[in-house]
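Please prepare a report on the two-chain model displayed below.

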Amino acid sequence: MADDTMVAKEGVEKETVAAVKSLGDKYKYGWETDVEMDYAPKGLTEDIVRLISQKNEEPEWMTDWRLSAYRRWLQMEEPEWAMVEYPEIDFQNQYYYARPKSFETKPKSLDEVDPKLLATYEKLGIPLKEQMILAGVEGAGEVPADGDNSERKVAVDAVFDSVSVGTTFQKELREAGVIFCSISEAIREHPELVKKYLGSVVPPTDNFYATLNSAVFSDGSFVYIPPGVRCPMELSTYFRINAENTGQFERTLIIADKEAYVSYLEGCTAPQRDTAQLHAAVVEIVILDDAEVKYSTVQNWYPGDEEGKGGIYNFVTKRADCRGDRSKVMWTQVETGSAVTWKYPSCVLRGDDSQGEFYSIAITNNMQQADTGTKMTHLGKNTRSRIVSKGISAGKSNNTYRGLVSMHPKAKNSRNYTQCDSLLIGDQCGAHTVPYIEVKNQSSRVEHEATTSKVDDDQMFYCRQRGMDEEEAVALIVNGFAKEVLQALPMEFAMEAQQLVAISLEGSVG
Amino acid sequence: MAVAKEKLLARKRDALAERLGALTMPEGGAWITEARKAALSRLEATGLPAPRDEYWRFTPPGALNAAEAAPAALFDHGGEMPVFDAVDRVRIVFVDGVFDADASDDLSLAGVEIERLSDAATKDIHWAKGLYGVIEELGQTPVERPLAALNTAFATDGVLIRVTGKAEKPVSLIYRHESETSDAYLHNVVKLEAGAEMTLLENGPAAARFNKCLEVDVGKGARFHHIRAQGRDHERQAVTSMFVRQDAESLFKSFTLTANGRLTRNEAFILLQGRDASAHIAGAALGHGDFHHDDTVFITHDAENCESRQVFKKVLQKGAVGTFQGKILVQRGAQKTDGYQKSQSLLLDDDAQFLAKPELEIYADDVACSHGSTSGAIDEDMLFYLRARGIDRETSMDLLVIAFVAEAMEEIEDEGFRDEIIGRLEAWLLRRRS
């Protein structure tokens with residue numbers, strides 16, 4: 001019944017739902033595209049760093065930047081403070097560069113893209129319009145922007161393993177003055193912007209994984225919104241880890257100049273694997289005066305099987321710097337995948353009257369482990385932040401919220417409100433809350449609330465009585481529990497996210 | 001082990017080696033020497049706390065680690081009567097960390113046996129064998145407490161109290177600081193047999209630097225009340241550790257008032273081991289100027305249907321720092337747990353700081369656990385309301401401060417004691433004005 005309601009309401013394909021159901025406990029996106037890959041040798045040395053830089057045709061300053069990060073990384077140690085456990089990662093047993101062979105000469109147009117790649121996107125469930133665009137259907141990219149929701153547009157910069165395969169809607173974005181391209185292209189075409197902003201939010205020395213990323217990032221997205229421009233469409237990157245044993249090191253840099261606005265979507269799926277894969281991405285966002293950035297993520301990488309075998313290790317550094325006065329950032333994340341998640345999208349509220357928001361749903365099932373949260377660093381006056389975190393643990397998983405709210409002495413009259421709710425499904429899982437609160441001035445107000453509870457028996461009874469099976473009922477209740485966060489997502493994502501919530505919790509009851 | 005971790009441990013052990021040079025383990029009988037040696041080996045494994053330790057990041061441990069404490073000038077209490085003096089109680093007085101029989105009352109009390117720790121060498125105090133250092137050891141997980149292990153190993157004095165019935169009077173531990181002594185190490189053990197009941201009062205600074213450990217074993221259905229007022233000497237430093245183990249249907253209630261003191265670290269570890277037990281721990285801390293107060297509270301639910309409640313309030317100004325670290329740990333199988341934790345601070349000016357880490361770690365699904373933590377200034381609307389009724393600004397402020405900490409004081413069950421504590425609070429506020 002829940003499925004029917006969802007289909008009727010959200011227009012999700014019946015076959016998709018049926019296909020997902022038929023997979024049972026199997027991972028929905030557990031398949032692998034057989035595209036020839038071009039690998040750099042395993043392991044990490046200065047030569048590999050140089051090779052990555054050379055393959056991306058980078059200027060010397062960029063190579064040096066990477067090398068200094070690499071040298072720094074050699075001195076660093078893996079952080080151990082998160083509540084996650086995993087076998088030691090052999091950083092020398094990873095590929096740091098892989099890309100589809102058919103890219104060795106870059107495609108002039110999307111027609112030249114390997115059809116298997118396009119099929120990959122189809123399986124990923126990229127909306128039809130974008131598929132057409134990605135497939136190079138003539139005229140598909142020229143639908144004018146308008147306010148009609150049914151015609152909402154999303155520009156995709158798809159990342160297939162390590163190289164961006166195509167960027168759509170380029171023309172329209174160009175007209176608006178928006179730069180949306182792969183970071184390697186930006187390094188070549190817009191070095192002045194990259195030099196100015198890359199590493200200015202997450203410095204190359206920031207932490208073990210960010211430093212590693214700085215040395216070896218293969219590609220990623222670059223966004224620049226010029227002053228006063230409201231980006232005419234939502235920008236989106238689909239991340240995808242495809243080749244076995246390939247670490248994915250994406251680097252995203254978003255700059256919203258004065259009075260600019262952009263909404264950015266990041267969605268991820270990865271094929272089923274037996275050996276764990278490493279992912280260490282960095283996302284940097286710079287927001288100048290009166291600008292606003294919304295960054296939404298649905299993360300659905302392979303979580304490993306019921307015994308905890310396989311799955312992605314996701315060690316991500318995401319940070320937004322509200323550098324300008326009255327600037328605003330909003331992080332929304334739905335974390336359902338990965339065997340291990342280590343992720344703290346943060347806000348540095350430097351400008352006066354700047355605002356940071358963090359909305360998160362983290363779902364763990366089976367043997368998954370998630371340690372995620374945010375940091376709100378209030379530096380400017382009258383800054384405001386809001387944290388809404390919903391953690392759902394099932395199976396034998398552990399789900400930790402870890403966050404910092406810091407009010408610096410000069411952040412007068414600032415406000416923070418934090419709400420962390422945890423829901424436990426089953427008696428073998430764990431839900432933890434580790435907030436840090438540091439208040440160093442009198443006029444700021446900080447409020448933190450956290451609760452932990454289980455799926456309410458009465459609610460379950462009510463749903464069951466109306467003919468829902470147990471799993472449907474749990475999915476419905478959990479979606480209700482996480483409603484505040486789901487509502488913060490852009491519409492395209494909200495639907496996918498609701499489905500994901502149900503899929504992620506399969507097998508957690510009964 | 002990671003290199004950084006190894007280096008840190010080496011530094012912590014070096015700090016310990018330096019500290020141990022200044023200490024001698026007191027002589028004692030077989031069992032107590034064994035307990036002390038076991039504590040020493042726990043301590044040697046961990047070393048002394050370091051600023052990089054997770055639970056010391058808000059409170060630099062340097063002053064507590066130093067081989068010798070900085071001397072503290074004796075404090076002039078003015079005309080103030082010592083706290084609890086009006087109460088009919090059995091007084092046990094320690095002067096500069098040593099039991100003073102002349103100043104103390106006769107230690108006989110119906111239903112209560114009181115022994116000196118130093119008599120453990122000669123007397124067979126069989127019931128204390130399974131307790132001294134034992135609950136402390138339980139409290140070393142999940143987080144190590146080196147300064148408590150140090151206390152168990154080197155405590156020079158203290159009392160062992162066994163309660164078999166309902167104590168008709170409170171037992172009162174008074175720690176006087178009268179000479180230039182710099183350090184005092186006291187270790188007290190309280191065992192409440194099934195159904196027993198007692199109120200324990202504690203007050204006084206003891207020394208320039210006071211390291212105190214209290215182990216409490218609350219038997220089935222027993223009830224233990226604890227009310228403490230830490231000395232209001234400006235220069236004193238203290239690290240106190242409370243280790244509590246509760247059996248089924250037992251009740252533990254503790255309240256601490258801290259006004260002044262350069263550095264106070266109050267640690268508590270409560271283990272709810274029997275079902276239907278209840279633990280309440282509360283504290284009010286008032287700091288003005290050179291004041292650092294740290295409450296580090298861990299409550300572990302390891303049985304079904306237990307309740308725990310933490311309420312900590314801090315009023316801070318003129319550079320005072322208040323920190324709170326608390327954890328509710330619900331072990332697998334501790335279903336029907338009801339855990340509540342509240343930590344709040346009132347910052348009266350821009351120099352004050354509040355640092356908090358209220359944690360939940362939960363491994364059972366049928367639980368209701370929550371925590372709240374807030375920090376802010378006096379509400380101007382409330383102030384206006386009082387001022388509009390003709391109350392002067394300072395009195396209004398004091399009223400609002402008392403209202404703010406009232407919730408913590410409500411955890412004191414006995415009205416008489418509650419009034420006494422409120423009286424102390426009012427006097428402190430009045431003095432602060434001048």
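The contact between the chains draws 34 residues from chain B and 31 residues from chain A, two residues being in contact if their C-beta atoms, placed from the backbone, lie within 7 Å. On the side of chain B that touches chain A, the elements that give two or more residues are α1 (3-20), β18 (353-362) and β19 (368-376) of chain B. Helices (H or I, at least four residues) and strands (E, at least two) are DSSP runs numbered from the N terminus. The largest share of this side, ten residues, is supplied by β18(B). By class, the side of chain B that touches chain A comprises 18 nonpolar, eight polar and eight charged residues. Here Ala, Val, Leu, Ile, Met, Phe, Trp, Tyr, Cys and Pro count as nonpolar, Asp, Glu, Lys and Arg as charged, and the others, Gly among them, as polar.

The model is predicted: local features need pLDDT of at least 70 and side-chain atom pairs count only at pLDDT 80 or more, while totals for chains, interfaces and linings use all residues. Residues are numbered from 1 along each chain as its sequence is written, and chains are lettered from A and ligands numbered from 1 in the order in which they are written.

**Strand pairing**

Strand pairs also join the two chains, a pair requiring that DSSP finds at least two bridges between the strands.

A:Val446 has B:Ser375 in β19(B) as its bridge partner, and A:His432 has B:Glu361 in β18(B). Within chain A, A:Met407 stands opposite A:Val439 of β23(A).

Strand β23(A) is mostly covered, with ten of its ten residues buried; a residue is buried if 20 or more other C-beta atoms lie within 10 Å of its own, exposed if 12 or fewer, and partly exposed in between, with C-beta atoms placed from the backbone. In a regular strand the side chains alternate between the two faces of the sheet. In β23(A), A:Gly430, A:His432, A:Val434, A:Tyr436 and A:Glu438 point one way, whereas A:Ala431, A:Thr433, A:Pro435, A:Ile437 and A:Val439 point the other way, and all are buried.

**Chain A**

Chain A has 14 helices and 24 strands. Of its 510 residues, 56% are buried. Among the contacts in chain A with a separation of 6 or more, 84% are between residues 24 or more positions apart.

Helix α10 (residues 208-216) of chain A is likewise mostly covered, eight of its nine residues being buried. The buried residues of α10(A) run from A:Tyr209, A:Ala210, A:Thr211 and A:Leu212 to A:Asn213, A:Ser214, A:Ala215 and A:Val216. Their cover includes α3 (46-55), α4 (60-75), β8 (251-256), β11 (282-287) and β13 (312-322) of chain A.

Two packed helices are described by the angle between their axes and the distance between the axes. Axes are lines fitted to C-alpha atoms, for helices over the stretch in contact, and angles run from 0 to 180 degrees between N-to-C directions.

Helices α2 (residues 30-46) and α6 (residues 146-154) of chain B have axes that come within 8 Å and cross at roughly 150 degrees. This angle makes α2(B) roughly antiparallel to α6(B) (angles under 35 degrees count as roughly parallel, over 145 as roughly antiparallel, 65 to 115 as roughly perpendicular and the rest as oblique). The residues of this contact divide into eight nonpolar, two polar and two charged.

Helices α7 (residues 380-388) and α8 (residues 393-409) of chain B pack at about 130 degrees, with their axes 9 Å apart; they are therefore oblique to each other. The contact is formed by B:Met382, B:Leu383, B:Leu386 and B:Arg387 of α7(B) with B:Arg393, B:Ser396, B:Leu399 and B:Leu400 of α8(B). By class, these are five nonpolar, one polar and two charged residues.

**A loop residue of chain B**

B:Asp96 lies in the loop between β1 (90-95) and β2 (98-99) of chain B. With 18 other C-beta atoms within 10 Å, B:Asp96 is partly exposed. B:Asp96 and B:His177 are 81 residues apart in sequence, yet 5.0 Å apart in space, C-alpha to C-alpha. Leaving aside neighbours within four places in sequence, the contacts of B:Asp96 are B:His177, B:Glu178, B:Ser179, B:Thr181, B:Ala184 and B:Ala207.
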